[in-house]
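Good morning, and thank you for coming. I ask you to look at the structure on the screen while I go through it.

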Amino acid sequence: MVDINGRAKVRAALVLAGTLMIGTVVAPSAAGEPCECPVGVELVGDPWVRMIPGSMTAGYLQLRNTSSRDRRVVAASAAIAEVIELHEHVHDDGVMRMREVVGMDLPAGDNLALEPGGLHLMFIGVHRPLVEGERIPVMLEFADGGRLVLQAEARRVVMRDRPAAGSSGVGVPLHPH
Ligand SMILES: [Cu+2]
């Protein structure tokens, strides 16, 4: 009985979260609002998606957890892509490789940075070419069922080891992701 009751509560909470999410989509806040974030989570800087020919690309963003509760990103999705995987870069015998991770931690009072050469969102099966400067809605899901929707800007990045105008100033590796 307790278990069933607990599940019912979880279900009710999910329905409520879904209702709130629909509300934010139907009535978005002020134009240019970069993130529909849950309380205690803030977007740091500008999220962006790399413009690359082909059907795969990578997205980057930084979040700050201003609450006292640990959070964990466990999934991401966007209408523009078939699927988004959570990826990290690892050094393997001097070679940079990507691999999927099951989650990305956003500890209480700390930041989570997705940036070139590190953690990133892997867009797979991108349906159409991106237009420079367009805002791509991306949804992130947390382990606790919370969600956020941010608007990632499509950016053309010069593949050189120097900061591009408007970037975070991080050197961009030759590797496409
Ligand atoms: Cu990747």
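Aspartate 93 is located in the loop that connects strand 5 with strand 6, the latter covering 95-100. Although aspartate 93 is not a glycine, its phi is positive, at about 55 degrees. Is aspartate 93 buried or exposed? Aspartate 93 counts as exposed, because its C-beta neighbours inside 10 Å number 5, and the cut-off for an exposed residue is 12 or fewer.

The protein chain holds 1 helix and 11 strands, and in sequence order the pattern is α-β-β-β-β-β-β-β-β-β-β-β. Of its 177 residues, 20% count as buried. If we take the contacts between residues at least 6 apart in sequence, 65% of them join residues at least 24 apart.

I turn now to the pairing of the strands. Within strand 9, methionine 122 is the residue opposite glutamate 85. Strand 9, residues 120-126, also pairs with strand 3, residues 56-65, again in the antiparallel sense, over 4 bridges. Here threonine 57 faces phenylalanine 123 of strand 9.

Strand 3 has a further partner in strand 2, residues 41-50; these two run antiparallel and are joined by 6 bridges. They form a hairpin with 5 residues between them, and glycine 54 in the turn has a positive phi of about 110 degrees. What does strand 2 pair with in the parallel sense? The answer is strand 11, residues 147-155, through 3 bridges. Valine 49 takes part in both pairings: its bridge partner in strand 3 is glycine 59, and its bridge partner in strand 11 is alanine 154.

Next, the interior. As a general remark, nonpolar side chains tend to be buried together in soluble globular proteins. In this model, the largest nonpolar core has 27 residues, and those touching the most other members are Ala78, Leu121, Phe123, Val138 and Ala152. Strand 3 supplies the largest share of this core, with 4 residues. Alanine 152 reaches several parts of the chain: apart from residues up to four places away in sequence, it touches Pro47, Trp48, Val49, Gly59, Leu61, Arg135, Ile136 and Val138.

Alanine 76 belongs to strand 4, residues 71-77. Why does alanine 76 count as buried? It does so because 22 C-beta neighbours lie inside 10 Å, where the cut-off is 20 or more. Beyond four places in sequence, alanine 76 contacts Ile84, Leu86, Leu121, Val138, Met139 and Leu140. Alanine 76 and methionine 122 are separated by 46 residues in sequence, and their C-alpha atoms are 9.3 Å apart.

Finally, a word on confidence. The average pLDDT of the protein chain is 81, and 71% of the residues score at least 70. Where does pLDDT stay under 50? One such stretch is residues 10-31, which has 9 contacts beyond four places in sequence in the model. Another is residues 162-174, with 20 such contacts. Where pLDDT is low, the predicted coordinates should not be read in detail.

Methods. Residues are numbered from 1 along each chain as its sequence is written. This is a predicted model: local features need pLDDT of at least 70, side-chain atom pairs count only at pLDDT 80 or more; totals for chains, interfaces and linings use all residues. Two strands pair if DSSP finds at least two bridges between them. Two residues are in contact if their C-beta atoms, placed from the backbone, lie within 7 Å. A nonpolar core is a set of buried Ala, Val, Leu, Ile, Met, Phe, Trp, Tyr and Cys residues joined through C-beta atoms within 7 Å. pLDDT is the predictor's confidence in each residue, from 0 to 100.
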